[in-house]
Amino acid sequence: MNSLKDKILIVGGYGAVGSIVSKILTEKYPKKVIIAGRNKDKANDLINKSNIEALPIKIDLESNYFDEINFEEVHTAICCIEYLKNDNFIHSCIKNQVNYTELATSYEAYLRLTNYNDEVEKSGICLVPGVGLMPGLSGVFVQNAISRLNKINSVQSFVLLGLGENHGLDAIRWMMEYANKTYTLKTEHGEELVSSFTNPRKEQLLNEKHSRKFYRFNFGDQHIIANSVKVNFAETRLAFDSSFVTWLMAVMKKINLLTKLSKIKPQTLKKWLTKFSFGSENFGIQTHCYGENMAQIIYLAEGIKEAKATGIIAAYTVSNLYQTNNKIGVKRLEEIIQFEEFVKHLKENQINIKIKEV
């Protein structure tokens, strides 16, 4: 890659998660970061209020051209927007030999990037599909479990989200869209058509003294693991730290109220959420990896503020791509990091990792 490429481009770098990524990377690489988005004033506000050294620019990802960006100087780009209406920006990154990663968490977004593997390899760059807590951590845990158990037969993950956190519009939009999803899943009974907020399962997280009910949810990681690791089945379930709200969502799903709720504007939902305090800012992700002869390894990641943790992991991914040039092709997070170094970095940033062998 051209040695003159020394800039990091953060698209949506002033949003809820994007601002965290921007602050971390500008502190580590001052004057090397470009914060981009539709609203240049918001990028400027972040730079001034946070007293960081970065260049603000205005770009529209729905455009066919990005004349504001000098791709000749960009080494690595990250898109902190959950949903892209087209892949024009990705095409520009591939064409101009710019490493790329994004926060999009759906399985559809993952598949979209894997389709570009041949073009990415020819360009000599690396593309990393959605990075953050999910997908992200569960894949890292599974990869480590394989190194310990040699073979993994099945994976079950449980995601606990705190409702006390001030979530961004993208996160609310994504949650409401996927809360009402029906999807095909590789379960212990074979491939099944299932729905979010159904089929609860009780599970106790390693850092808690009581169990909770976790419901099916269409997280992308379960599909990625099922196809990349070739396990018998992979399932991921969700609960909120308020048992009442978790139960209420399941009830609304059963009586078809979630369909109506999902049509409400994210801005309106955000206003409702800010008026009430439902729970804490804590989150937890617990992944059970099952091997031969009933062997099991349980991994737990827990911390405060899911958006901050997502930003920390995303920034770590960008830094990894920025510092190395030997990763080529479409790679998952677990394929570009070293487990021990990654866990150490998380712990240094108050994301605690617990591992239990059963």
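Q: Which residues does threonine 310 touch?
A: Leaving out residues up to four places away in sequence, threonine 310 touches Val17, Leu103, Val131, Gly132 and Leu133. Contact here means heavy atoms within 4.5 Å. This is a predicted model, where local features need pLDDT of at least 70 and side-chain atom pairs count only at pLDDT 80 or more, while totals for chains, interfaces and linings use all residues. Residues are numbered from 1 along each chain as its sequence is written, and side-chain values use heavy atoms, with hydrogens and water left out.

Q: Where does threonine 310 sit? And is threonine 310 buried or exposed?
A: Threonine 310 is in helix 12. Helices (H or I, at least four residues) and strands (E, at least two) are DSSP runs numbered from the N terminus. Threonine 310 has a relative accessible area of 9%, so it is buried. The cut-offs, with a 1.4 Å probe and protein chains only, are under 20% for buried, over 50% for exposed, and partly exposed in between.

Q: What does helix 12 give to the largest nonpolar core?
A: That core has 74 residues, and those with the most contacts inside it are Val21, Leu25, Leu137, Phe197 and Phe342. Helix 12 (residues 306-323) gives the most to it, 10 residues. A nonpolar core is a set of buried Ala, Val, Leu, Ile, Met, Phe, Trp, Tyr and Cys residues joined through side-chain atoms within 4.5 Å.

Q: What is valine 21 in contact with?
A: Neighbours within four places in sequence aside, valine 21 is in contact with Ile10, Ile78, Cys80, Gly311, Ala314 and Ala315. Another core lies apart from the largest one; it has 26 residues, including Ala36, Phe71, Leu84 and Tyr116.

Q: Which residues of helix 13 are buried?
A: In helix 13 (residues 339-348) they are Phe339, Phe342, Val343 and Leu346. Their arc around the axis is only 95°, so they lie on the same side of helix 13. The arc is that of the directions from the helix axis to the C-beta atoms.

Q: What covers them, and what is on the face turned away?
A: The cover includes helix 6, strand 14, helix 12 and strand 16. The face turned away from the buried side carries the exposed residues Glu340, Glu341, Lys344 and Glu348. After helix 13 comes glutamine 350, with a positive phi near 60°.

Q: How many bridges join strand 7 to strand 12?
A: There are 8, between residues 154-161 and residues 233-240, and the two strands run parallel.

Q: What about aromatics: how many pairs?
A: The structure holds 14 aromatic pairs. Rings of Phe, Tyr and Trp (its six-membered ring) pair if their centres lie within 6.5 Å; planes under 30 degrees apart count as stacked, over 60 as edge-to-face and the rest as tilted. Phenylalanine 89 and tyrosine 100 have ring centres 6.1 Å apart and planes at 65°, so that pair is edge-to-face. Phenylalanine 244 and tryptophan 247 have centres 5.9 Å apart and planes at 35°, so theirs is tilted.

Q: Are phenylalanine 244 and phenylalanine 89 buried or exposed?
A: Phenylalanine 244 is exposed, at 54% relative accessible area, and phenylalanine 89 is buried, at 1%.

Note on methods:
Pairing = 2+ DSSP bridges.
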